[in-house]
Number of protein chains: 4
Amino acid sequence: MVKVGIINATGYIGMELARLLYRHPLVQLASITGRSAVGQRLGELLPHLSDIDMVVQPELGNVDLVFSALPHKTSAEAVSAALERGIKVVDISADFRLKDAKDYERWYDFVHPVSQLLGEAVYGLVELNRSFIPSSRLVANPGCYPTGALLALAPVVKEGIVEPEIIVDAKSGVSGAGRTLSLGTHFSEANENVSAYALEGHRHLPEINQELGGLNPSLSLSVTFVPHLVPMSRGILTSCYARLKGGKEGVRELYREFYRGEPFIRVVDAPPQTKQTWGTNLCLIYPTIDTRTGRLIVISCIDNLVKGGAGQAVQSMNLMLGLPEETALDGAAIYP
Amino acid sequence: MVKVGIINATGYIGMELARLLYRHPLVQLASITGRSAVGQRLGELLPHLSDIDMVVQPELGNVDLVFSALPHKTSAEAVSAALERGIKVVDISADFRLKDAKDYERWYDFVHPVSQLLGEAVYGLVELNRSFIPSSRLVANPGCYPTGALLALAPVVKEGIVEPEIIVDAKSGVSGAGRTLSLGTHFSEANENVSAYALEGHRHLPEINQELGGLNPSLSLSVTFVPHLVPMSRGILTSCYARLKGGKEGVRELYREFYRGEPFIRVVDAPPQTKQTWGTNLCLIYPTIDTRTGRLIVISCIDNLVKGGAGQAVQSMNLMLGLPEETALDGAAIYP
Amino acid sequence: MVKVGIINATGYIGMELARLLYRHPLVQLASITGRSAVGQRLGELLPHLSDIDMVVQPELGNVDLVFSALPHKTSAEAVSAALERGIKVVDISADFRLKDAKDYERWYDFVHPVSQLLGEAVYGLVELNRSFIPSSRLVANPGCYPTGALLALAPVVKEGIVEPEIIVDAKSGVSGAGRTLSLGTHFSEANENVSAYALEGHRHLPEINQELGGLNPSLSLSVTFVPHLVPMSRGILTSCYARLKGGKEGVRELYREFYRGEPFIRVVDAPPQTKQTWGTNLCLIYPTIDTRTGRLIVISCIDNLVKGGAGQAVQSMNLMLGLPEETALDGAAIYP
Amino acid sequence: MVKVGIINATGYIGMELARLLYRHPLVQLASITGRSAVGQRLGELLPHLSDIDMVVQPELGNVDLVFSALPHKTSAEAVSAALERGIKVVDISADFRLKDAKDYERWYDFVHPVSQLLGEAVYGLVELNRSFIPSSRLVANPGCYPTGALLALAPVVKEGIVEPEIIVDAKSGVSGAGRTLSLGTHFSEANENVSAYALEGHRHLPEINQELGGLNPSLSLSVTFVPHLVPMSRGILTSCYARLKGGKEGVRELYREFYRGEPFIRVVDAPPQTKQTWGTNLCLIYPTIDTRTGRLIVISCIDNLVKGGAGQAVQSMNLMLGLPEETALDGAAIYP
């Protein structure tokens, strides 16, 4: 059994990692740390995990791989320290997703403390970067919105058949905002309410632009990305709008071909619903043509805390440890 | 007191009409009919309206104006009969919204029984058609989605400063689907779920195209409209995306000017939320420029059953009866 | 026009007071104060109230009556100061609900600073204390849970026909916990969740016991009260269980008689739902006998922020100012 | 691999059975039948189960054990037919839960067609009847409400230390009402709403009375059971109120002792929440004493579709097939 750890297990992605790793048959969750709860049993902090008999430690123990679920900036330092100890890392924060250190000043308001690691980090969207992950010691786990947007758009961008004008309109459940309290995520305010936010530019936009650009640098894409908050706990539905160059025939087949053999991608024949991915590592993708305008519409659905968070982090971990990619990530959605 | 009636008061818009008319100081709700509940007290059918001491009648009584909240096709016949009796009509159904009778065959699968009335009917989006309503005997109340989309787009379309490529991504509460039972609106299926639907073409699209075209026939707009279902009872948030011709300065001022003096439109300085319109006849509109791409984004919020339904129907009625437009439509949103 | 003010208008009951008072035809909302937002426009703080053109002031202006919506302990001092200025007060906090000053030490952990006023304060459950309110200068607005419980139980307690063993199981929407942030009211935690809380004793219990005891001191009631949090914004459904002395016939008639003429009480013939009171000052009460055990069951429903908060505060104000009791409190529930 | 089948897999418990059985390592889901969907792929009917490559069959194939998820009355006949073919049965319906055939006429309005089997059927609440299940060929899976109530009350009833007056106030998510459409489970009506129902007597009451009586016939219990609908998809929280005979010390220890070694029962030290059981076969139980009145309060939480449905059916199946009881039922709650 390989030993793994979680730095900061008490946020939503951290606790979801603990849930997934606890039932993983080939790794052992050996160490968890927290920022404020040192010495407490995990089950005291998170009653739904009381079967996991572990105490929150001040320092990371002996592990082969660790997930850092710290906030950005703080995470970079913890990741760097772990790497120096020879521990492989899947970083849940944004700290190693962007290649250009200046983007951290621009979008996250801090000077990156270990920018020399940015070049080495692999962006952990397994479906696009699978070949680089097994040999990597540092994987940057994608943001939840970029996961939904990139999987929806990658086939037509990679093939170069899409026009540069792209709209990404995403609808997210509230857990995407994390466990930190705020008025916008206070139940009585978020319930029975929908809002658009971050219209001045969301931090996930440079991530989307970087990865789409990397897939096909010649396209000069112009992406508008608007996230919306909807009154549910989990799930992201992403609606993408663009025009195709040339013929509109065979788009769905192109998507099927692009994702052939992918264990967690389903190109579906009817508009998907976020609930159909609840608790799973699946991404459902529905590409279609608006017959009246000829425009391409792609709808994707994920569980933001699994495929958009802890699940794909475990998917990367499996590859980094030489384990079967799907281990601990099977199972159908819990519906309704 | 002017006497008014409601044909089919037991759907969501019908019951909302009854609520608004009951507290209207200048009209008397004098007759309600239903399809299946003849002879029952309104309060038996709809306990929240038990203070309204009325019985559902088989035939419309003596009234000066009637709201028809019947389903499409059935409504056209009832409307025609009322007009023949000299009764003014606000039709809640889609039966008089489209000008081209063939659109009813194409989008609603029926041959319009009184197509000669289509030319006469006024599309009841008061903010765009106010001058035609006082003298009309037949007003077609707009659909909920078109209300949100048209109010968001009218200023730039009318001014002719928008490029023809327009995306309308709308998010609606479940009451928009009406009171008729279906699996998609069954609580356990709709709760904790978001979905896109009608991707092959929603019936509100021809209505949006017709009215935008009417505002500015020279633009040759190409609109993609995708509605989404979100887990709340009321509210529509509409996100519109387009490019502007020429300069991007002063868009918000243009909207403010366009809607100056409108009693129910608020051009706001921060992204609005549907909950801020809950129970009101307001439409909140937030136009902004995506600074990275130069694209126009307009967000609008309404209560789909009030401004998107019963409220604007009463607004039209007030004008048709020569009453102050805001009567019975005042009051702030009930929040949270 | 009588001038009234609100101390601390930015909590849920404060903002609901502002909404109700704004459309009150016989009083003028003349002054609002806040704890942290002095100098800001109300509409900046609470966009749904942006039609109310007022600025939050540091000190209460010249008013005839004021609502104090401060937290407990702080409110007592503000109330005392207002009374000294000759201003009538409806206190929303708990600070004048309990008659025994020691109860504040026991249940609220503070020594009451103006306990000499406790005897004078009238408990503002109008249906039980209507005769004392017009001449009072200090009304203690009841807690939300006591409102639902007392109205459900008053008839059988007053008549002395109930056995002393009483269970009160209440289910509340999340707004009852106020606008202060906490993990338990964080959307993702409260959504899709039900919990019981305060099993060691909720602060509304002494209030229930005091008022039931006052109705009939001879009964020596033994009340267990357990509140539950349910995933909705508004509404309290209270389920009460007790045994009746003697015959079980005619209970509903007894309730009808007890509440005859009450403008806001509806004794109903079918189990009520909280949604049927949404946005109204109504209390729906359904008393019934469990035929298999002979036990009395009483279900009551209120909107916790209206009848359980701002609405009954306005109801008391109307009486204190000699205005018709129902002014500004009419209108049917907004449903669905 | 033992072969098992599901009769009527398209209701909520049927689909949850399919989900659990699909990942069961020791049985093979070999046959599913439906009432209206014969010939369709399971994934067409239930997209979240599209990984299960099975077609709905008109007749049950060759299996060793079958779950009947048919409605009551219809199920009795299907169960009888299966038993005649030598197939073991876990019946999800109510048809074999009650021992007295007359109860079916009284509570379910039908004459039981195979009442001779009632004596043989084992009530499948494993924690109370474990010893009878391995040798049984017919297990009646308990109702969701009885599961929550019986597990909460069994220790004090079995020990004979509870007074006969018992109140059971249960709060259920909407999926408990099944997948059949109704106005009460229409999203816009059930959302933002709480209601009590079946106050004239719910069908789960005789089941609760029978099983509590069976645990301790001498107690002559008088149980009032009131179910409530709350706006969430899954979960039941049951609040039980009673008085204890004699001392109140050590109640929690008594519960701990009673359920020692039970794999799916957790006697907890803080009030539990339904969300802590989401997707699991766990029952969380919190017994406490209301110190002011000396009354016993017991709160229990389950996922109504797992421990209150498909999960405990699989738990019984495991025992009937000689497999480890917990197989396919492990895993922590999915939270939030």
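Copies are superposed here by least squares on the C-alpha atoms of residues with pLDDT of at least 70 in both. Keep that in mind for the first stop. The model on screen is predicted.

**Stop 1: chains A and B**

Select chain A and chain B. A rotation of 180 degrees, with 0.0 Å of shift along its axis, places chain B on chain A. The RMSD of that superposition is 0.0 Å. This is how a two-fold axis relates its copies. The two copies also use the same surface: 100% of the contact residues of chain B recur in chain A.

**Stop 2: where B meets A**

Stay with this pair and show the contact residues. Chain B brings 37 residues into contact with 37 residues of chain A. Now colour chain B by element. Several elements supply at least two residues each to the side that touches chain A. Among the strands of chain B that do so are β7 (165-172), β8 (195-196) and β10 (236-242).

Which strand gives the largest share of the side of chain B that touches chain A? Select β9(B): 4 residues come from there.

On the side of chain B that touches chain A, 15 residues are nonpolar, 14 are polar and 8 are charged.

**Stop 3: two domains in chain A**

Colour 2-120 as domain 1 and 145-304 as domain 2. Over C-alpha atoms, the centres of these two domains of chain A are 26 Å apart. Look at where they touch: 9 residues of domain 1 are in contact with 7 residues of domain 2 in chain A. Helix α4 (residues 101-108) of chain A gives the largest share of the domain 1 side, 3 residues. By class, that domain 1 side in chain A has 5 nonpolar, 1 polar and 3 charged residues.

**Stop 4: a sheet in chain D**

Move to chain D. Find the open sheet of 6 strands, with parallel pairing. Trace the order across chain D: β2-β1-β3-β4-β6-β5. The edges are β2 (27-33) and β5 (122-123) of chain D, and each pairs on one side only.

Zoom in on β4 (residues 88-91) and β6 (residues 138-140) of chain D. They pair in the parallel sense over 3 bridges. Click D:Val90; its bridge partner in β6(D) is D:Val139.

Last, select helix α3 (residues 74-84) of chain D. This helix lies across β1 (2-7), β3 (65-68), β4 and β6 of chain D. Relative to β4(D), helix α3 of chain D runs at about 165 degrees.

Key: Residues numbered from 1 in each chain as written. Chains lettered and ligands numbered in written order. Predicted model: local features only at pLDDT ≥ 70, side-chain atom pairs only at ≥ 80, totals over all residues. Pairing = 2+ DSSP bridges. Axes fitted to C-alpha atoms, helices over the stretch in contact; angles between N-to-C directions. Nonpolar A, V, L, I, M, F, W, Y, C, P; charged D, E, K, R; others polar. Domains from an automatic or database assignment.
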